Amino acid sequence: MKRFVFFAFASLVLLSGCGGKSATTAPSSNLYKATKEMMGTFVTITVVATDAEQPKAQQAVANAFDRMRRIEDLMSIHRDDTELAHVNREAFAAPVRVSDDTYEVIRASIQFAKDTEGAFDITVGPLVKLWEEAGKTGKLPADAEIKEALTRVGAVDKLKLDDKEKTVRFMVRDMSIDLGGIAKGYAVDKAIEVLRAEGMNNAVVQAGGQVTAIGRNADGKKWLVDVRNFFRANGHFERLELENMDVATSGDYERFVTIDGRRYSHIIDPRTGRPVEGASSVSIIAKDGATADAWSTAASVLGFNKATELLRKNDRYKDCQLLFAGCTQGFSDYLAPENN
Ligand code: AMP
Ligand code: MG
């Protein structure tokens, strides 16, 4: 295996820029582009469309946003009225039937839990809450509290799914599913599905640190996606060429809590019950958004060597590239797919 030294990545920026106001549109030469605020970030969809194709492109993009919004309405962890909130309230008392979308994400998440040896675990809810609370009070959780919360965590053995009935059941009281590590990637996949179904085969969907590019850009070339290099001089970007691939970035560079002056990541190691340390930014390139999203979260927990080992031994991930930056380790690496 050959390794290339690479540098730390923080956030992803499509060349033409990201962010902006909610629902802004900016048609430019042979592109139709729109941005909306959703899923706790800005989502930008760009499609290649001639002047004559603009109305069709506009409709396709609106439909793709609607699809993402429906997923947010089902899975948001910040609201009480979502299907996921209902599952979290009721799934210990009895199996809860869920939508195809929610079922698909939970089913996939259990597979990711197995493939990452438990590093990716959507049942981290009790631990996420414990550490969020600690961030608010400024007081670290006691060991006993962490130990107790851990008894309610375990996607592989404490979550029961019924593929026929599409039901979810908790085997332990007060479990809680948190889809924050995968829902955005899944939503981007579904937006891409809508665009393709409407004949838009050259497009980019970007949701915060998650970008999928399909087909080619307006010049018939591969899409260029800039990934911000957090540890280089201000404003430095690494440029990636993407075609039918997704890149996702996880890290504590923008989401963390501070307790006693120390910074704690929003990503929890489900094996210890504590926030991960030393992984400041991890980027993963994969064939689909859900895989890149889940694995970028998991790789933050696993560290470069273990994540690489697990990705390499599983044929399902042969197209994945891991871009990893370890802040405290003081190095970062780029693993090209042919070296897997
Ligand atoms: P991401 O930014 O994609 O890495 O997702 C981080 C979010 O996923 C956190 O804010 C939590 O909601 C959730 N999360 C935290 N730790 C884990 C974990 N080990 N496995 C799965 N989801 C997690
Ligand atoms: Mg993720």
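This is a predicted model: local features need pLDDT of at least 70, side-chain atom pairs count only at pLDDT 80 or more; totals for chains, interfaces and linings use all residues.
Residues are numbered from 1 along each chain as its sequence is written, chains are lettered from A and ligands numbered from 1 in written order, and side-chain values use heavy atoms, without hydrogens or water.

**Stop 1: the magnesium ion**

Select ligand 2, the magnesium ion, with Gly 181, Asp 293 and Thr 297. The donors are Gly 181 (O), Asp 293 (O), Asp 293 (OD) and Thr 297 (OG1), at 2.0 to 2.4 Å. A donor here is an N, O or S atom within 2.8 Å of the metal (3.2 Å for Na, K and Ca); water is not among the atoms, so sites may look incomplete. The spacing of the donor residues in sequence is G-x111-D-x3-T.

Now show helix α8, residues 289-312. Asp 293 and Thr 297 are four residues apart in this helix, so about one helical turn separates them. Helices are DSSP runs of H or I, at least four residues, and strands are runs of E, at least two, numbered from the N terminus. Asp 293 is buried at 7% relative accessible area. Thr 297 is buried too, at 14%. Buried means under 20%, exposed over 50%, and partly exposed in between (1.4 Å probe, protein chains only).

**Stop 2: α7 against α8**

Color the contact residues (heavy atoms within 4.5 Å). On α7, pick Ala 183, Lys 184, Gly 185, Tyr 186 and Asp 189; on α8, pick Gly 289, Ala 290 and Asp 293. Asp 293 is also a magnesium donor.

**Stop 3: two positive phi values**

Go to Glu 117, in the loop between α3 (100-115) and α4 (125-137). Its phi is near 50 degrees, positive in a residue other than glycine. Glu 117 is partly exposed, at 42% relative accessible area.

Finish at Asp 174, in the loop between β8 (167-170) and α7. Asp 174 is not a glycine, yet its phi is positive, about 60 degrees. At 52% relative accessibility, Asp 174 counts as exposed.
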